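My notes follow in the order in which I looked.

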Amino acid sequence: MAIAAAITLPLTSPARRSLASFTSLRSSSPILKLNSVRGSVALRTACLRVSAASSSMSVEAVEKASPASFLDRRETGFLHFVKYHGLGNDFILVDNRDSSEPKITPEQAAKLCDRNFGIGADGVIFALPGINGTDYTMRIYNSDGSEPEMCGNGVRCFARFIAELENLHGKQRFTVHTGAGLIVPEIQDDGKVKVDMGEPILKATDVPTGLPANKNQSVVKSDLDVDGVTWNVTCVSMGNPHCVTFGTKGGQNLQVDELKLAEIGPKFENHVVFPARTNTEFVQVFTPSHLKMRVWERGAGATLACGTGACAVVVAAVLEGRAERNCTVDLPGGPLQIEWREEDNHIYMTGPAEVVFYGSVPL
């Protein structure tokens, strides 16, 4: 599968470059187009195009595009997409409303997510028709091609993507069917997305984990041996499994920036006590309302943010008596606001979702 793309790069925020072509759909943003075809590269700005092939170079004016016209494209043999990120956790969003099956395979998704030979992303998200009375269905392939039940940062991006597809403005609310059940995102007046993530699942066998329950059928501050080191862990499912730790048994509070995440993360993810593998959150407590975490995501590795992970962290912190029910959770990509409401047992996550660029790839 050859890769070429059109990408929006806002001038006010950094973006990782990948093998793609950049197309601005805003009057204030540049158009930069990179099409690598047998050594030929074309660079576009909002007012000029520089083409370099062998030793010759030419400059000419180019036209601007609009988001609406781009999203309406229906050429066969191409996958049109919009790349979003939620605190640096980035996704390729695909309009799949005309079919109940994803337009690409897990193998193709893994290639697109490759940061050296593809577009670069933590996953590919598909907006499909709703089922069971919901407005839409969301499915996601991780960067390794596996399919998780849900993704918290992804569903915020999904909501903003739907609003753009439907040309909706202001406060909007959707019902979304996911592998984790019903999720209800709501776009706020300030552009952030507040998501009703539903109730946490705490029963050990439903997380799932093979660790024995030690508190009301749940695993709370239980011992887990990882390569000869005993960690205290609490297991939570947000529709996908999470193992949350605040440190080793008898050890000092974690300093999460000092962790060698790439070494320890896979050992948790693939531990025998997690039959479906697990996401793992390493947490540092500043105050009862301010936490900091790093995450090793199942199927994606170290990421800059994990929405379901932040939710699981607050649940675990409350269960262990470390935090209040309303917390700011700092992730490498920025903060999320997480509230675990006592009155309905639901968890509410609020955070940003931003467009990175628009693109097309030949399939």
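I started with Lys 83, which counts as buried at 4% relative accessibility. Buried means under 20% relative accessible area, exposed means over 50%, and partly exposed lies in between, with a 1.4 Å probe and protein chains only. This is a predicted model, in which local features need pLDDT of at least 70, side-chain atom pairs count only at pLDDT 80 or more, and totals for chains, interfaces and linings use all residues. Residues are numbered from 1 along each chain as its sequence is written, and side-chain values use heavy atoms, with hydrogens and water left out.

Next I looked up the partner of Lys 83. Lys 83 forms a salt bridge with Asp 90, and their closest N and O atoms are 3.1 Å apart. I took a salt bridge as a side-chain nitrogen of Lys or Arg within 4 Å of a carboxyl oxygen of Asp or Glu. Asp 90 is buried too, at a relative accessible area of 2%.

Asp 90 sits in strand β5 (residues 89–95), while Arg 115 is in the loop between α2 (106–113) and β6 (123–129), so the pair links distant parts of the chain, 25 residues apart. Helices (H or I, at least four residues) and strands (E, at least two) are DSSP runs, numbered from the N terminus. Arg 115 counts as partly exposed, at 33% relative accessibility.

I then checked Arg 97 and Asp 95, whose side chains meet in a salt bridge at 2.8 Å, N to O. Arg 97 is partly exposed at 28%, whereas Asp 95 is buried at 12%. I also noted a network: salt bridges with shared partners join Lys 83, Asp 90, Arg 115 and Asp 122. The count by this rule is 16 salt bridges.

I turned to the cavities. The structure has one cavity of 30 Å³ or more, and the largest cavity holds about 120 Å³ of space. It is lined by 16 residues, and the closest to its centre are Asn 142, Pro 148, Met 150, Cys 151 and Glu 297. β5 and β7 (136–142) are the elements that give two or more residues to this lining. A cavity here is a set of points, on a 1 Å grid over the protein atoms alone, where a 1.4 Å probe fits but cannot get out; lining residues have an atom within 4 Å of a point. Grid points are joined across faces, edges and corners, and the volume is the space filled by probe spheres set on them.

Last, I followed the strands. β14 (residues 241–248) and β15 (residues 279–287) run parallel and are joined by four bridges. Two strands pair if DSSP finds at least two bridges between them. Cys 243 is opposite Thr 280 in β15. From β14 the chain passes through helix α4 (residues 261–269) to β15, a β-α-β crossover that is right-handed. Right-handed means that, with the strands pointing away from the viewer, the path from the first strand over the helix to the second runs clockwise.

How do β15 and β16 (residues 290–297) run, and how many bridges join them? They run antiparallel, with seven bridges. Val 283 stands opposite Met 293 in β16, and a hairpin of two residues joins β15 to β16.

Terms used: On a 1 Å grid over the protein atoms alone, a cavity is a set of points where a 1.4 Å probe fits but cannot get out, and a pocket is an open set with protein on both sides within 12 Å along at least five of seven lines; lining residues have an atom within 4 Å of a point.
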